[in-house]
Amino acid sequence: MDKLIYFILVPMVYIASGVFVLGTIVRLVKIFREPKHPSPLQIYPEKKPAWLWAFVDTFTFPTVRRHKPLLWVFLMVFHIGLLLLIIGHLELFAEIDLIQIIPHNIFLGGGWVGLLVAISLLYFLFRRLASPVRDLSVPEDYYLLILLFLVVIFGSQMDWARSWYFYEEMGVDHYREYLSSLLFFEPYLPAEITDTGHSFMLVIHVFFANLFLIFFPFTQAMHAFLSLPVNKLRRG
Amino acid sequence: MDADTRDELLKLFSSKLNRAMRYYLETCTRCGVCVEACHVHASMGQSRYIAAYRAEIVRRIYKKYFKGRGRLWPSVAEAKELNQMAIDELFDAAYSCTGCRRCMVYCPFGIDTQMMMGIAKLLLIGASAEPEILTMLADMSVEKGKSYETSKPGFVAGLKRLEDDVVDKWRLEAGRTPIPTEVEGADLLYVALAGAHSIIPAAAVFNAAGENWSLSFFEAVNFGAFVGDPTKTKLILNRIVDEARRLKVKEVCICECGTAYRVMKQLSGDHPFSVSSITEVHARYLRANRIRLDKTKIRGTVIYHDPCQIARNGGVIDEPRYILSQLTDHYTEMTEDPTYNWCCGGGGGLVALGEETLDFRMKSARVKAEQIQAANAAILATACENCHTQLGDLNDHYELGVEVRFLSSMVADALVP
């Protein structure tokens with residue numbers, strides 16, 4: 001069991017990060033090196049400057065707001081929440097000053113961000129279980145949602161335990177110790193991380209997060225990087 | 001399907017894979033925002049007519065043969081084999097899509113379903129499963145481009161017979177030709193369709209505006225684009241491009257044909273001439289006071305159907321409205337936002353297929369018929385041959401009781417000195 005936990009918390013994290021970074025770069029380079037489409041693909045009426053409107057489309061989803069307002073609310077909550085969670089994780093690298101701009105309690109939002117993201121994911125999942133979106137969906141769509149839900153729910157549980165139930169055995173300092181050791185390639189697992197009541201949560205959280213990172217470059221999750229250039233084509 | 005055929009088809013598939021196509025194939029999250037976008041789905045309700053569903057039929061083959069996933073774990077994204085069943089599905093998707101790109105207005109990424117249907121249409125050609133009529137029509141156009149010198153005398157003689165009708169609409173000074181051809185250094189080369197209705201009113205307006213124009217020997221319509229054959233599309237297009245270069249014209253004006261306009265405007269590359277639609281040219285004449293119109297000629301409420309390839313996909317939105325403001329005081333919009341105008345249901349080659357698609361065209365454009373009915377108008381104007389035919393069919397089928405008219409002929413009929 002110790003070996004399995006070690007594998008998930010150390011080698012698998014390296015493998016997942018490697019697949020994520022390299023896979024994403026290779027896939028993007030492959031796409032960007034394809035020849036450009038010879039003719040314009042925009043729709044009208046046009047608004048200038050096109051690049052600015054492409055940004056607006058990419059980050060505020062105006063077409064969803066207009067046609068599916070409820071979905072838009074959950075999409076905004078989900079994507080902003082995800083961004084905050086990513087920032088929260090980056091802030092765990094205490095050694096990097098650049099990302100510690102405002103000193104505050106990690107994580108942002110006192111547990112609510114994770115809860116809102118989890119609820120949004122459930123909404124997406126249930127929405128996908130019903131027709132007509134079900135008719136469009138492929139297994140990948142469900143796998144990704146379920147995987148993300150598992151990552152978020154186990155991760156949030158650790159956060160909730162600290163902020164809502166005053167669970168103190170495993171805390172931010174221990175995460176920091178563990179993550180920084182990984183970053184500097186001197187892997188070290190504090191006992192609090194592996195041998196306390198909530199270790200199980202952390203191991204499962206890291207395991208599913210690893211799986212998600214490994215899947216990322218090969219799935220539609222790549223829309224995170226492709227949305228802007230696609231939207232630019234529509235804007236001209 | 002044998003392995004060689006499949007390899008050939010996959011080669012055709014990969015010939016379509018440029019950067020934009022990769023974006024479109026990789027980005028869709030199947031979020032379902034496009035569900036309400038397609039007029040076919042809105043009219044008939046089946047999921048296979050949702051834009052993302054159509055695209056997914058192409059995407060599944062892509063995943064099977066162009067992605068590692070398709071080999072390692074095909075079920076995860078439902079990668080699908082390219083076989084006869086897939087060909088049937090591709091046909092159903094491609095020839096129920098009119099290429100109106102209304103779904104692009106809904107999609108959070110702006111995925112172009114028409115472009116992905118381009119893959120489907122090319123695969124159908126490769127499998128000899130495309131509608132034969134379209135290929136035949138395309139071949140005829142290509143042939144005509146090769147041998148136009150021999151058909152020239154017949155064409156010119158035919159034009160002679162139309163001259164009286166042109167002069168009826170607009171009297172010329174003595175000595176001037178009502179329908180000039182082969183005018184070197186003309187300011188404008190007009191590319192019409194085969195049919196007097198596309199030549200007579202246009203000629204009258206050009207003459208009224210005192211335009212130095214010339215009529216092209218070729219018809220504007222591009223059947224190569226309908227059937228989705230890039231080589232034939234280019235050959236058909238080049239006949240006109242070559243003629244325009246030979247005559248050293250400044251501007252090529254495309255008649256009321258959506259596909260022809262879009263192909264010439266967006267696919268023909270850089271040329272020493274500009275490209276415009278006849279609607280743009282008429283609006284220009286009116287703004288410059290080169291022609292004047294009599295508002296009493298048109299009676300009753302007028303609505304305008306935006307041809308998708310000219311408006312949403314070509315950007316000609318304000319011009320027809322300006323023309324109509326000079327033609328009548330009783331113009332009303334069918335939709336608040338022209339971007340959301342329903343497609344007539346006849347694009348993508350469906351009208352060219354005639355009776356064969358009539359039943360589907362009527363069923364799939366129910367929402368368009370309802371939109372027209374709700375406007376409660378006397379005259380339905382449009383600026384595209386395909387739309388005109390389809391709207392006429394809808395008018396008969398749904399007993400809409402409107403008069404379907406070409407905008408250009410309304411202009412010609414209202415000309416005043």
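## Before you start

Welcome! This is a predicted model, in which local features need pLDDT of at least 70 and side-chain atom pairs count only at pLDDT 80 or more, while totals for chains, interfaces and linings use all residues. Residues are numbered from 1 along each chain as its sequence is written, and chains are lettered from A and ligands numbered from 1 in the order in which they are written.

## Chain A at a glance

The secondary structure of chain A comes to 12 helices and zero strands. Helices (H or I, at least four residues) and strands (E, at least two) are DSSP runs, numbered from the N terminus. The C-alpha trace of chain A spans about 60 × 40 × 35 Å along its principal axes.

Of the 236 residues in chain A, 30% are buried. A residue is called buried if 20 or more other C-beta atoms lie within 10 Å of its own, exposed if 12 or fewer, and partly exposed in between, with C-beta atoms placed from the backbone. Two residues are in contact if their C-beta atoms, placed from the backbone, lie within 7 Å. Among the contacts in chain A with a separation of 6 or more, 76% are between residues 24 or more positions apart.

## A helix pair in chain A

Two packed helices are described by the angle between their axes and the distance between the axes. Helix α3 (residues 50-60) of chain A and α12(A) pack at an angle of about 130°, and their axes are 8 Å apart. That angle makes α3(A) oblique to α12(A). The axes here are lines fitted to C-alpha atoms, for helices over the stretch in contact, and angles run from 0 to 180 degrees between N-to-C directions. Angles under 35 degrees count as roughly parallel, over 145 as roughly antiparallel, 65 to 115 as roughly perpendicular and the rest as oblique.

The crossing of α3(A) and α12(A) is right-handed; a crossing is left-handed if the near helix is turned anticlockwise from the far one by less than a right angle, and right-handed if clockwise. On the α3(A) side, the residues that meet α12(A) include Trp51(A), Trp53(A) and Asp57(A), and their partners in α12(A) include Leu228(A), Lys232(A) and Arg235(A). By class, this contact of α3(A) with α12(A) has five nonpolar, three polar and three charged residues. Ala, Val, Leu, Ile, Met, Phe, Trp, Tyr, Cys and Pro count as nonpolar, Asp, Glu, Lys and Arg as charged, and the others, Gly among them, as polar.

## Loops to look at in chain A

Two cis peptide bonds can be found in the loops. One joins Tyr44(A) and Pro45(A), with omega about 0°, and Pro45(A) sits in the loop between α2 and α3 of chain A. Another runs from Ser131(A) to Pro132(A), with omega near 5°; Pro132(A) lies in the loop between α6 (112-129) and α7 of chain A.

Phe166(A) is not a glycine, yet has a positive phi of about 55°. Look for Phe166(A) in the loop between α8 and α9 (172-183) of chain A, where Phe166(A) is exposed, with 7 other C-beta atoms within 10 Å.

## Chain B

Chain B has 20 helices and nine strands. Its radius of gyration is 22 Å, close to the 22 Å that the globule rule gives for 417 residues, so chain B is as compact as a globular protein of that length. The radius is taken over C-alpha atoms, and the rule is 2.2 Å times the number of residues to the power 0.38. Buried residues make up 55% of chain B.

Helix α4 (residues 51-66) and helix α6 (residues 84-94) of chain B pack at about 150°, with axes 9 Å apart, and α4(B) and α6(B) are therefore roughly antiparallel. Their crossing is left-handed.

## Where the chains meet

In all, 39 residues of chain A are in contact with 43 residues of chain B. The largest share of chain A's side, eight residues, comes from α12(A). By class, that side has 22 nonpolar, nine polar and eight charged residues.

Eight of the nine residues of helix α2 (residues 19-27) of chain B are buried, so α2(B) is largely enclosed by the rest of the structure. The cover over these buried residues includes α2 and α12 of chain A, together with α4 and α8 (113-126) of chain B.
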